Amino acid sequence: MNRQNKTASEDKRKKNNMIIPLVFVFVFMTVMVVYVSSLMYKVAVSNSYAVMEDRIMTVSSMIDNHLNTAENVLHVAGDSVHHMLVSGTTSARIHEFLVNETTNVSEQFDENYTGLYGYIMGKYIDGLNWVPPEDYDPKSRDWFIVAKKAAGEVAFSPLYVDAQTGNMIISACRMLPDKQSVIALDVQLRGIQSMMKELKVNGKGYGFVIDSDGLIIANEDETKIGTNISETEGGKELLATIREVDSGSFSYKIGKEKSTIHVNSVGSDWYVVMVVSDRELYSEVWSQRIVIIIICVLIFSMISAVYYAGYNNEKKYTTRMEEMKLEEQKSEYDRKVLELEKDAANASNKAKSDFLANMSHEIRTPLNGILGMDEMIIRESRESRIKQYALEIKSAGNTLLSIINDILDMSKIESGNFEIVPIDYEVSSVLNDVLNMTRPRAGKKGLEYVFQVSPDIPSTLNGDEIRIRQVILNIINNAIKYTQEGSVSVVIAAREIESGNFVDLVISVSDTGMGIREEDKDKLFKSFQRLDEKKNRNIEGTGLGLHITHSLLDMMGGRIDIESEYGKGSTFTITVPQQVINKEPIGDFSKAVKNYLDNIGTDEVALYAPEAEVLVVDDNAMNLEVIEGLLADTRMKLELVQSGEECIERASKKKYDCILLDQMMPGMSGEETLIKMKEMDILKGTPVIALTADAIIGAKESYIQKGFTDYISKPVKYALLEQALKDYLPKGKQIVRDKEEGMPVILIWGEDSDKLKAEKEKLTTVYKCVCAVGDKARDKYLEKHEVQAVMHVV
Ligand code: ADP
């Protein structure tokens, strides 16, 4: 609600922001238009007034000129006639003079002045030789009357029709000094008439010349010449105004139209008048004003449009911002929800992982005990039936162990906590392990087993060694498991990948087993999916192996392909890219195979280290017993303790050659114990090997990270334990049986020959034992023979 109000008032503010400047612009432009157009009007008016005045003055002076010329001609001719009269010249001479002058004047002034004539010496004389009619009385003519009135000054007669030409003319006339004679000159009005077209402003308006009685002397419209304006509508008033103004301008309504009239008096009683209607005069100003208004409206519209677009954009922008804010808030909310969900999922995953780790430990610890003890029964029992039972227990125990491992792997994969840990590894070592772990099984089932390794595989690769081994083992074990007769062939090769320093490791496993139906192929990689349940009822399996294999390959960027014919056999092919570390090819692998075959079946003690001192720490007494039993034949000096505290105490007093330290112990854990020992700096380079039941993924790396030298997974397998001790015990303290060099020789000496015999019996399978009773016999033997170890039995 509050938000909405805020948005509405914000909107209003923005609208105002747009409207207020627009109103200002509008007012400013209107004022500007009014001001500019009134200015233009004024300029136009004064311009046209000036033009009209100019025109009218020009025409007036031209008319003045026209009349003055007539006046001058008349003065000159009059004076000449007067002289002739005074000097007694005859009327015939005067006639001749007038004829000559008439010709001169009309030639000189372009026929504007057409003929001198007069009443001289009591008779009418005409320079044009016009013969008047009988009844013609010069004294009654206007020119005679006007001249007489003017008494010697030049005067002009009113307008009249020329008896000879029929043109409208006036006459300039003058009474001679004898006060009887009058001389006159006809003045044509054509010249004045032609001036009328000058009385225009830019082609607008018209002009005319009238005398003081309103008689039109000249007009653009020639037909009006000789008419009187006072006879037209409103003409009297106009004439009165013209006479009143005399020279100047005034506004006047002619008909319905308002006009501006300029008037100027010329001569004694003429007026030059010029009329322009205001509509005509200001039409241009109006059109200019309209253009300005249009331009202003356009500019205003453009400004408004720009403002409006700006306002709209701003509005859109604000709306978008609002939306974005909302989106942001929403995504923030989603993110938080996701985070919470993730936290919850993580917590539940962690709980699951913890549960699995615990379960793993809880199951493995007793299993460790069972298998360890079982191992001892297998070794020590002389009774074959018991040994057989123990072997059965071993096999079932191992199966149980692998199932636990599979379940652990799968839950890790599904919770997304599975990590691929690449390290540099020797290919031959992995393949050797694979061969060692698969050949006996195939052999036991009477299957032909082919293991073919291409010699050009690079010897060192980088990848997750453990997982590579796991997926290869899985498909080979399956092939052996699901094949009752015939063969299993494994072909291993490396294919170069063009880009970079990588190869595709390709492992192809073919069997002549039961095969897989086409329609079942899709089910293969689903968890807990087993095919052909009826047939497979007696074959152990959980249906997890291929699911795990597929997931692991996915994570390593590899893939698995299957070709199979139901009832005939299958080929599983794994392709997985691995980085090449050492290009050197592994060479002939058959040699390794041969070595392996030579060793086959010997699961005997191969390490003898009576001088080695090893501390074993485990809270579980049975586990301690198992390790003690497993290592008994090595004759190591074992010290067994059941807690971290005891371990620290012992280690601080003595330097051991190796410490085997259990992880999960009540009180101080293995890790805490190690940290404490490192803090106390009592280890001095003693290797510490973790014993752990939670053999979950990445365990080895994480133990090494924590500072352990290595780790051994429980249940402890003797071979692994022995290998670890071989690796970490000082070389000088171990005697290793070597096939090539034959059995190591051990000299057993003491005083009690029975004890010596019993000891020899225990060791003869592994070592060549020589007994010496008493120290003299011992020294004598040693003088002549080389032995690998001397053992004192008390
Ligand atoms: P299991 O633990 O049952 O072996 P896997 O996931 O490894 O589980 O295999 C799933 C199923 O695929 C098996 O139950 C079996 O039916 C079938 N299968 C696997 N490998 C082969 C093979 N080489 N020949 C025939 N069937 C096979």
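Salt bridges and the ligand shell

Lys-394 and Glu-375 form a salt bridge, with the closest N and O atoms 3.9 Å apart. This pair links distant parts of the chain, since Lys-394 sits in helix 7 (residues 384-414) and Glu-375 in helix 6, 19 residues apart. The model is a predicted one. Lys-394 is partly exposed at 26% relative accessibility, whereas Glu-375 is buried at 15%, because buried means under 20% relative accessible area.

A second salt bridge joins Lys-336 to Glu-332, where the closest N and O atoms are 3.8 Å apart. These two residues are 4 residues apart in helix 6 (residues 278-380), so about one helical turn separates them. Lys-336 is partly exposed at 47%, and Glu-332 is partly exposed at 33%. Both belong to a network of salt bridges that also links Arg-335 and Glu-339.

The side chains of Arg-517 and Asp-520 also meet in a salt bridge, at 3.9 Å from N to O. Arg-517 is partly exposed, with a relative accessible area of 30%, while Asp-520 is buried at 8%. The count of salt bridges comes to 29.

Turning to the ligand, 22 residues surround it, the closest being Asn-478, Tyr-482, Arg-530, Thr-542 and Leu-546. By class, the shell holds 9 nonpolar, 10 polar and 3 charged residues. Helix 9 gives the most to this shell, with 4 residues.

A polar side-chain atom of Lys-481 lies 3.0 Å from an oxygen atom of the ligand, and one of Asp-511 lies 2.9 Å from a nitrogen atom of the ligand. From Leu-546, a backbone N or O atom lies 2.7 Å from a ligand oxygen. Taken alone the ligand exposes 530 Å², of which the protein buries 97%.

Note on methods: Residues numbered from 1 in each chain as written. Predicted model: local features only at pLDDT ≥ 70, side-chain atom pairs only at ≥ 80, totals over all residues. Heavy atoms only, no water. Near = heavy atom within 4 Å. Polar contact = N/O pair within 3.5 Å; in protein donor to acceptor, adjacent residues only side chain to side chain. Areas by Shrake-Rupley, 256 points an atom, 1.4 Å probe, with all protein chains shown as cover. Nonpolar A, V, L, I, M, F, W, Y, C, P; charged D, E, K, R; others polar. Salt bridge = Lys/Arg side-chain N within 4 Å of Asp/Glu carboxyl O. Buried < 20%, exposed > 50% of the residue type's maximum accessible area, 1.4 Å probe, protein only.
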